[in-house]
Amino acid sequence: MNWDVFTKLSPPEIQIHWATVTIAFLLGLLIFGLKKGTVVHRFLGWSYVTLMTITMVAAFFIRNPEGIEIAPGLTGFSWIHLFIPLTTFGLAGALIAIKRGRVKTHARGMIMTFLGAMVIAGLFTFLPGRRMHQFFFSTPALSQSGTDTAMRAP
């Protein structure tokens with residue numbers, strides 16, 4: 001593992017995004033294994049939603065210079081940024097469902113959001129040239145010298 005990818009070679013928005021999504025991923029796995037409806041489940045659930053909200057806000061500021069311009073002044077977005085509104089609506093829908101007492105809808109919404117935002121989006125970050133790929137498969141010397149492919153935003 002090459003920690004320099006996230007400590008020395010990444011701007012703050014990527015460091016925040018990576019830290020919050022990593023903790024949220026682990027927390028999500030823990031929540032799935034816990035008894036539902038308990039105080040612990042609710043506390044960890046709100047912690048997960050908070051971390052995912054921070055993750056989404058940080059993701060909005062991660063831009064790729066080769067990305068598209070979605071509006072004047074908003075350049076650098078890529079297809080992976082589509083996970084921001086999908087995650088927002090998924091979490092909001094799941095929270096609304098539980099407030100209305102629709103437990104199965106809540107559970108389904110949280111599972112689908114976890115799979116989409118964490119598993120599917122996460123797998124794309126392991127493509128060559130992306131930071132997670134470099135984190136696991138490059139050496140510090142290669143990343144700093146520019147010998148590896150240029151790092152793109154996750």
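Phenylalanine 60 counts as partly exposed, because its relative accessibility is 31%. The scale is simple: buried means under 20% relative accessible area, exposed means over 50%, and partly exposed lies in between (1.4 Å probe, protein chains only). The model is a predicted one, where local features need pLDDT of at least 70, side-chain atom pairs count only at pLDDT 80 or more, and totals for chains, interfaces and linings use all residues. Residues are numbered from 1 along each chain as its sequence is written, and side-chain values use heavy atoms, with hydrogens and water left out.

Stay with phenylalanine 60. The charged end of arginine 63 sits over its ring, 5.0 Å from the centre. For that label, NZ of Lys or CZ of Arg must be within 6 Å of the ring centre and within 35 degrees of the ring normal.

Now look at ring pairs. The whole structure holds nine aromatic pairs. One of them joins phenylalanine 60 and phenylalanine 77, with ring centres 5.3 Å apart and planes at 50 degrees, so this pair is tilted. Rings of Phe, Tyr and Trp (its six-membered ring) pair if their centres lie within 6.5 Å; planes under 30 degrees apart count as stacked, over 60 as edge-to-face and the rest as tilted. The two partners come from distant parts of the chain: phenylalanine 60 is in helix 3 and phenylalanine 77 is in strand 2 (residues 74–77), 17 residues apart. Helices (H or I, at least four residues) and strands (E, at least two) are DSSP runs, numbered from the N terminus. Phenylalanine 77 counts as buried, because its relative accessibility is 5%.

Phenylalanine 136 and phenylalanine 137 form another tilted pair, with centres 6.4 Å apart and planes at 50 degrees. Phenylalanine 136 is partly exposed at 36%. Phenylalanine 137 is exposed at 57%.

Leaving aside neighbours within four places in sequence, tryptophan 3 is in contact with Trp18 and Phe135. Contact means heavy atoms within 4.5 Å. Tryptophan 3 and phenylalanine 135 are 132 residues apart along the chain, yet their C-alpha atoms are separated by 6.4 Å. Tryptophan 3 lies in the segment before helix 1 (4–7). At 47% relative accessible area, it is partly exposed.

Go back to helix 3 (residues 39–61), which also holds threonine 55. Threonine 55 is buried, with a relative accessible area of 4%. Beyond residues up to four places away in sequence, it touches His17, Thr20 and Val21.

Of its 30 lining residues, the closest to its centre are Val21, Ala117, Met118, Gly122 and Thr125. Helices 2 (12–33), 3, 4 (83–99), 5 (103–124) and 6 (131–137) each supply at least two residues of the lining. A pocket is an open set of points on a 1 Å grid over the protein atoms alone, where a 1.4 Å probe fits, with protein on both sides within 12 Å along at least five of seven lines; lining residues have an atom within 4 Å of a point.

The lining of the largest pocket has 22 nonpolar, seven polar and one charged residues. Here Ala, Val, Leu, Ile, Met, Phe, Trp, Tyr, Cys and Pro count as nonpolar, Asp, Glu, Lys and Arg as charged, and the others, Gly among them, as polar.
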